Amino acid sequence: MPRRVAVTGLGLVSPYGGDLDDFFARLVAGESAVRHLVTQDEPRPLSMPFVSCPAFDAGAALGKPLASMMERFSQLGVAAAFDAWMDAGLARKAGEGENRDDWGCVWGTAIGGVAVLERGYRDLWLHGRDRLSPLSVVMGMHNAVNAHISMQLDLGGISTSHTAACASSAMAIGEAFRRIRAGDAQVMVTGGSDATQTYGVGRAWEAMRVIAQGEGDAAVHACRPFAADRTGLVLGEGAAALVLEDWEHARARGAHIHAEIVGFGATCDRSHLVRPDAGGQERALRAALHEGGVAPDEVDYVNAHGTATLEGDPVEIEALKRVFGPHAPNVAVSATKSMHGHLLGAAGAIEALVTVLALARQAVPPTAHLAGRIDPACAGVDHVLQGRRGVPLRAALSNSFAFGGSNAVLALRAAA
């Protein structure tokens, strides 16, 4: 029989600088972490709305020796994993008689250590250096985060990374869920991290003309998913981690269970690299519900992919309406990217974490800046315009829909 999968640990590097309680309270209050970023880059600085984590101190979180061996995306990811591990009440190293040979880590990142490569190019071509740090390869490799996590937490099972653009960490969580469900692992660390503040990444997204407009104080309102006047997405950096555990193993050790992951759906649009398809998204949604044994009318909340792009938002709402049918107007839907930004490969992880917290605390964060602005093309669901507390949430979905047509949907239930 498939095993039940509990979420026993949560960790993140918050753009607000606080802990989980502070992070979720600010989201429910509709507080945006978006600010106007202006860099010192030459010949022309980056100037765009952005979400950063200015309070994050890698040396303090990890210790300077360990932090010095990592690029920022790894520092963010390992710090989030350490917090999730602590939240789960687990020791860093295996205790006497404890076997962690099947405990593992599956991580997600879209751009990995691209920053170390960018610095290398500048050093070689602009600063005249003829050699780079011997750590450049191991700091830049996509699997650096899961490698460090596995070593630091004594995890002897699978250790791997997923890269599927903006669905990377949702795919990673889904694969970690599947390993426990199948009985191949007792405990898995999973999630995602990306550090997107590099010159090349910023310029590349600008070139696609999907970056939201907003300078100065106006930047805080720049990301408006589902709004008629939306102008695009806001990039952000960060990390989120979840500890997944065999339900009986968690209960036997007296662990606190935040929520239960019950289903995972993954599909490909198979039609276009960047134009989303409602049919592909619908198949992923239905697959997650089917595996989880969740009826559409049991779903009380959907954390939408909701990037605030002109083309993407209506397609996602269309997919939701197809799946939920007459129940669609009763399904609370919000896009929290409006507040924490788009973390690329880490987006699915931070949104899965938000969904777990919503179920655990019976509260729903809003889509910020949407009141009075809903695009008629995005109508048909219960858009959350203000945070809601004390609402009965039974089951929820977390959507991640990526360039390349990669779709990933996680289905979760409140712990019971």
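**Figure 1. Helices and strands of the predicted model.** Helices, of at least four residues, and strands, of at least two, are DSSP runs, numbered from the N terminus. By this definition, the protein, shown here as a predicted model, has 14 helices and 16 strands. The C-alpha trace spans about 65 × 60 × 40 Å along its principal axes. A compact globule of 416 residues would have a radius of gyration near 22 Å, and the 20 Å of the protein agrees with this. Of the 416 residues, 58% are buried. Among contacts between residues at least 6 apart in sequence, 79% join residues that are at least 24 apart.

Figure 2. The strands follow the order 5-4-6-8-1-9-16-15-10-11-13, and their pairing is mixed. Strand 5 (159–162) and strand 13 (382–383) are at the edges; each has a single partner strand, so one side of each has no neighbour in the sheet.

**Figure 3. Strand 9 and its partners.** Eight of the ten residues of strand 9 are buried, so this strand is largely enclosed by the rest of the structure. Strand 1 (residues 5–13) runs antiparallel to strand 9 and is joined to it by three bridges. Val7 stands opposite Ala259 of strand 9. Strand 16 also runs antiparallel to strand 9, with nine bridges between the two. Here Gly265 has Val409 of strand 16 as its bridge partner.

**Figure 4. Strands 15 and 16, with two helices packed on the sheet.** Strand 15 (residues 395–401) and strand 16 (residues 406–414) are antiparallel and joined by seven bridges. Ser400 lies opposite Ala408 of strand 16. Helix 11 (residues 278–292) packs on the sheet, where it touches strand 9 (259–268), strand 10 (299–303), strand 15 and strand 16. The direction of helix 11 makes about 145 degrees with that of strand 9. Helix 12 (residues 312–324) also packs on the sheet, touching strand 10, strand 11 (332–334), strand 13 and strand 15. The direction of helix 12 makes about 140 degrees with that of strand 15.

**Figure 5. The contact of helix 8 with helix 14.** Two packed helices are described by the angle and the distance between their axes. For helix 8 (residues 168–181) and helix 14 (residues 347–361), the axes come within 5 Å and cross at roughly 60 degrees. The two helices are therefore oblique to each other. Helix 8 makes the contact through Ser169, Ala170 and Ile173, and helix 14 through Ala347, Gly348, Ala349 and Ala352. By class, five of these residues are nonpolar, two are polar and none is charged.

Technical notes
Residues are numbered from 1 along each chain as its sequence is written. This is a predicted model: local features need pLDDT of at least 70, side-chain atom pairs count only at pLDDT 80 or more; totals for chains, interfaces and linings use all residues. Side-chain values use heavy atoms; hydrogens and water are left out. Axes are lines fitted to C-alpha atoms, for helices over the stretch in contact, and angles run from 0 to 180 degrees between N-to-C directions. Angles under 35 degrees count as roughly parallel, over 145 as roughly antiparallel, 65 to 115 as roughly perpendicular and the rest as oblique. Contact means heavy atoms within 4.5 Å. Ala, Val, Leu, Ile, Met, Phe, Trp, Tyr, Cys and Pro count as nonpolar, Asp, Glu, Lys and Arg as charged, and the others, Gly among them, as polar. Two strands pair if DSSP finds at least two bridges between them. The radius of gyration is taken over C-alpha atoms; the globule rule is 2.2 Å times the number of residues to the power 0.38. Buried means under 20% relative accessible area, exposed over 50%, partly exposed in between (1.4 Å probe, protein chains only).
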